Amino acid sequence: MITDCHIHSFAKTEAPQTGAYVPPARDIHDYMDEAAPLGVRRAVVVQASVDGTDNSRLVEVLGNAGPVALRGVAMIDADADLQALHAAGIRATRIQDRARLGASALDQLPELAKRVAEIGWHIELNTEPRSFDRLADMVADLPEGLRLVLDHMGHADPAAPAPLFRLLETGRVWAKLSPTRVSTDIGHYGDLSALVERLGAAFPDQIIWGSDWPHVMTPEPVPEIPPMLELCRRALSQDNFTRCMWGNPERLYGF
């Protein structure tokens, strides 16, 4: 059984460009039709950057019943009703820290951490190696027990993963094994096998997997889910594969 810890869901109607990209007309039902036959039984819908801090559509998506159980990751502002979002199935907030997207909200981490720790959430970071040293300095001052999850393996360089490993060695940081924004070998991911193997061996309780469906801002060929799962199967032991795909997400998102 599989948990996909990173997908997005958009409206079926054509949307204008309000952010870094035009949202594709693919929704949660399209995802379930594609993923459920592959053994995906749980998924985490992550608020897309183009939707900002308006989580109303995310909450609506989480209300859909189907073959895949859902949890959510919001983006919040000072007015967000965390209790209501939690009741809707949201278990984390997200911070954007990518030069590619034109802005960084990393300065908000300490204050957001205090807020979400009170409700038992974690924080997901769309960050990159330029911020790793700063993150390492911030981790010690975060509320006890609060976890940070790095989207897309922190966009780390597979050939130079030491800064990523140092973050995970704190015990407070997890890595999301989403390969499509890190690999240059889309569809095969041979360039990530060694990195995923090392992450699994060293941090078996701090890894989860996400497909990043439906792959916005991604050049052709559009990635498919089966090769990503195959990467994890060949790079992780059977026990660590099960932890990554089922046990760890269960602890993190409260499925």
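Tutor: In this predicted model, helices are DSSP runs of H or I with at least four residues, strands are runs of E with at least two, and both are numbered from the N terminus.

Student: Is His-152 buried or exposed?

Tutor: A residue counts as buried when its relative accessible area is under 20%. The relative accessible area of His-152 is 2%, so this residue is buried.

Student: What is phi of His-155, a residue other than glycine?

Tutor: His-155 also has its place in the loop between strand 7 and helix 6, and with a relative accessibility of 13% it counts as buried. Its phi is positive although the residue is not glycine, and the value is near 55 degrees.

Student: Which loop holds Pro-214?

Tutor: The peptide bond that leads from Trp-213 to Pro-214 is cis, with omega near 0 degrees. Strand 9 spans 207-208 and helix 8 spans 225-235, and Pro-214 lies in the loop between strand 9 and helix 8.

Student: What is omega for the peptide bond from Glu-220 to Pro-221?

Tutor: Pro-221 is found in the loop between strand 9 and helix 8. The bond that joins Glu-220 to Pro-221 is cis, and its omega is near -5 degrees.

Definitions and conventions: Residues are numbered from 1 along each chain as its sequence is written. This is a predicted model: local features need pLDDT of at least 70, side-chain atom pairs count only at pLDDT 80 or more; totals for chains, interfaces and linings use all residues. Side-chain values use heavy atoms; hydrogens and water are left out. Buried means under 20% relative accessible area, exposed over 50%, partly exposed in between (1.4 Å probe, protein chains only).
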